[in-house]
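This report covers the salt bridges of one protein model. Please look at the sequence and structure first.

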Amino acid sequence: MVSWRRRPGPGLARLWGLCCLVLGCWPSALGCPASCGCSSWRIWCTGSSPGIASFPVPQRSAEGDNVTEIYIANQPNLESINDNEVGFYVGLKNLTVVDSGLRFVSRHAFVKNVNLQYINLSRNKLSSLSKKPFRHLGLSDLILVDNPFKCSCEIMWIKKFQETKFYTETQDLYCIDDNNKKTALLDMKVPNCDLPSANLSNYNITVVEGKSITLYCDTTGGPPPNVSWVVTNLVSNHESDTNKNPASLTIKNVSSMDSGLEISCVAENIVGEDQASAELTVFFAPNITFIESPTPDHHWCIPFTVKGNPKPTLQWFYEGAVLNESEYICTKIHVINQSEYHGCLQLDNPTHLNNGAYTLLAKNDYGEDEKRVDAHFMSVPGDGNGPILDPDVYEYETTPNDLGDATNNSNQITSTDVSNKENEDSITVYVVVGIAALVCTGLVITLIILKFGRHSKFGMKVHGEVKGVGLVDQIWLSLQDCDNEEQVMVAVNSDVHNNSTASDNNRLGFVLFHKIPLDG
């Protein structure tokens, strides 16, 4: 939309021109006419002698890319702005042509100037002005005061713009009727001059793939508007008839690729235009267009793409049996594009138990499709085919229950349980080793006493059989009797249990000595 706000006149433009001269301008860089000055970003033509007769254009098209402002004033010989003249300045934002002889603006004058925001065509010789040059621009200001417009249907669009709520300020615009009388533009009345309107027979177009459909567009307006259909990117075969009212558009053998496409009917006359649009919805059976083997990511993922309308339901099968999804194995949809769904079957830490064939079934009211993929997550431990992939990643194994009902967690083993069990076993080992060390130490001391006791001052003699508890079943010692030159046998018996409760049952027994003859 445009607004009707006055901008500073030539005085400010002269000040800008003076600033550019101070900063250093280069009039010859863009091939400026004698009456113009040029800089890298601005062109101004204010000298009336010799003046310019056509819109200034650069000698080379690239030279105008950085120009954002053109100011033209006091040029009585400049009568038109034609096609492709302003188009050299693709970065142009502000255009001013005032106090000149401008009579005509081409309908395609600003086709390439999509950045234009401000246009001032005041105090020229414009008797008519089409809306077409401006309709694609996002103008903030379009100033048209003091032009001798002729009261006609061609300038009715300006009146309509002033009547809209958007404009908080109105311009003092007038037109000259057939009696050469000035009439305020807001009071202008022209018979058979109305904005066109367009209405579609159906605003929600639904059709099954492969069928055909016809859409109608009824139009009104004065003069009678021209009708056109906008069917950009329509893949299906189609034909239109715009010579009748209502106009028609027939789409044959509708393709599913056109689902979600917008179709528009445009009605246009010299007063303005109107447009009516509808969305085409195509119903079709599901089609699995992509599926491949699983890939490791944050989780393992079997990626897939499914098309279908209405949205198909998805069901996975593992080795031919229904796969009951759970928090560890579930379907995720990541991207939805019209009737296309991109997602994956997400598996959380799968093991060799999850290897096998996975089948995806997509189904809706219009049909179904299925695709199969083989998945291999890791080798079976100990089969000689290689190590388990990423062993540090797997804190637990996905059990066969995940392939059916995965809600039963009673058999899961946690890392805390394993840690407690290992601690208990370690304590048991330490206790057994400590007891064994004590027994061995006592045994050594006993042997020393037996060997050297006879020479002690107490006259200790060793006789008999040794019995006790320790780490060995039986130890035989041969000792020499100094007096009788006989050997004695010391036997140490123990009862050791190789289980976690051995420490509770071990006890040090008493020692008995029995003299044994050497001959038996």
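## Lysine 371 and aspartate 369

Lysine 371 pairs with aspartate 369 in a salt bridge, with the closest N and O atoms 3.2 Å apart. The term means a side-chain nitrogen of Lys or Arg within 4 Å of a carboxyl oxygen of Asp or Glu. Lysine 371 is partly exposed, at 32% relative accessible area. Aspartate 369 is buried, at 16%. Buried means under 20% relative accessible area, exposed over 50%, and partly exposed in between (1.4 Å probe, protein chains only).

## Basis of the model

The model is predicted: local features need pLDDT of at least 70, side-chain atom pairs count only at pLDDT 80 or more, and totals for chains, interfaces and linings use all residues. Residues are numbered from 1 along each chain as its sequence is written, and side-chain values use heavy atoms, leaving out hydrogens and water.

## Arginine 123 and aspartate 99

The structure holds seven salt bridges. One of them joins arginine 123 to aspartate 99, with the closest N and O atoms 2.7 Å apart. Arginine 123 sits in the loop between strands E7 (118-120) and E8 (141-143), and aspartate 99 in the loop between strands E5 (94-98) and E6 (104-105), so the pair ties together parts 24 residues apart in sequence. Strands are DSSP runs of at least two residues (E), numbered from the N terminus. Arginine 123 is partly exposed at 31%. Aspartate 99 is partly exposed too, at 30%.

Aspartate 374 is partly exposed at 47%, while arginine 372 is exposed at 58%. Elsewhere, salt bridges with shared partners join Arg135, Glu268 and Glu273 into one network.

Terms used: Helices (H or I, at least four residues) and strands (E, at least two) are DSSP runs, numbered from the N terminus.
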